[in-house]
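Here are a few exercises to work through with the model open beside you. Try each one before reading its solution.

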Amino acid sequence: MTHAMLKGSNVPLQATTVRAVLRWTPGQGVPDVDASALLLGPDDRVRSDEDFVFYNQPRHPSGQVWRLGKKRVAEGLTDTIQTDLAGVEASVGRILLVASADGVAFDRVTSLRILIHDAAAADAEPLAYFDIKPETGQETALICGELYRRGEGWKFRALGEGYSNGLKGLATDFGISVDESEGADDPVSAPRPDTAPSAPAPPSQPAPAQPSAPPPPAVAPVVGSEEPTTVQPVPDVSRPLPPEQPTGVPAQPAYGYPQQPPPAQPAYGYPQPAARPGYGYPQAPAAAGVTGAQSGYGYPPPASGAPDPDFRLPPQGPQFVGR
């Protein structure tokens with residue numbers, strides 16, 4: 001059976017190991033909430049700073065009280081403190097269960113509730129729960145409840161007491177020494193480990209290189225003169241120069257272009273002048289008194305009515321021999 005508790009009420013605990021689950025609803029502008037525990041001695045103060053279990057010191061040296069950490073559930077976010085009541089030292093009479101909001105007032109935290117579970121029954125209903133309502137809304141730390149001894153057993157009491165000076169102020173009231181000096185090695189003053197570090201500044205981009213102007217010509221002093229003389233740069237002789245064309249040689253026509261035929265000698269294979277008929281073409285009729293031998297070479301004279309008894313075929317070349 002789950003006990004719905006009011007402020008100041010208490011309930012006996014039969015479980016030997018309990019989980020105190022702090023639960024709230026996240027949202028826009030809702031601060032992150034942390035669960036802590038303070039183990040108090042007979043004088044209602046801590047025996048040493050080691051009796052403070054929180055985000056920078058998540059486990060007590062005795063191993064009986066430790067912080068399980070945060071978890072997302074269907075109802076919101078949780079942060080849990082687990083305690084083995086059977087193993088807690090006899091000098092510890094009370095264990096305070098604390099919620100802090102990292103300097104932000106609890107009036108911005110919605111649906112804040114503490115639930116007490118039997119750690120041995122994983123899926124069982126909680127033993128008790130208490131809905132925490134800040135009195136002023138300006139509290140930055142709250143004592144949600146306490147586990148305290150009663151005879152041979154333990155009980156849980158709902159409290160809901162607030163502090164406006166945060167977790168440091170609450171811890172100081174119960175004997176935790178907080179060194180506010182700069183550079184002090186104090187786990188309470190140290191930042192939360194789950195705080196995201198600030199992103200490093202991006203490295204500055206180097207300016208683009210500007211094209212450098214060509215260096216000026218070297219200037220060498222001239223002996224006996226006050227003014228410097230400009231030294232002309234030496235030409236680059238690493239590549240050979242093309243050969244120079246000799247002068248006085250007539251320009252040769254470009255290869256592959258038609259040449260101008262000499263006027264006195266026509267091109268081979270074209271018609272010859274009338275005084276020299278082309279080889280193998282029919283000749284003009286011989287003039288009167290010209291014999292066949294004087295007519296065109298290899299052709300018969302004009303017909304005179306009777307064959308020429310002296311007519312002979314022209315000689316055949318060697319390419320026709322033996323065919």
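This is a predicted model: local features need pLDDT of at least 70, side-chain atom pairs count only at pLDDT 80 or more; totals for chains, interfaces and linings use all residues.

**Exercise 1: the helix and its neighbours**

Find what the buried residues of α1 pack against: they meet β4 (34–40), β5 (52–53), β8 (94–100), β11 (141–150) and β12 (153–163), where contact means heavy atoms within 4.5 Å. Which residues of α1 are buried?

Residues are numbered from 1 along each chain as its sequence is written, and side-chain values use heavy atoms, leaving out hydrogens and water.

Solution. Start with the run: α1 covers residues 166–173, a helix being a DSSP run of H or I with at least four residues, while a strand is a run of E with at least two, numbered from the N terminus. Next, apply the burial cut-off (under 20% relative accessible area, 1.4 Å probe, protein chains only). That gives G166, L167, G169, L170 and A171. Just past the helix, G175 has a positive phi of about 100°.

**Exercise 2: the rings**

Work out how F52, F54 and Y55 are linked.

Solution. Rings of Phe, Tyr and Trp (its six-membered ring) pair if their centres lie within 6.5 Å; planes under 30 degrees apart are stacked, over 60 edge-to-face, the rest tilted. The count comes to two aromatic pairs. F52 and F54 are stacked, because their centres are 4.3 Å apart and their planes at 10°. F54 and Y55 sit 5.1 Å apart with planes at 65°, so they're edge-to-face. Put together, ring pairs join F52, F54 and Y55 into a cluster.

Terms used:
Buried means under 20% relative accessible area, exposed over 50%, partly exposed in between (1.4 Å probe, protein chains only).
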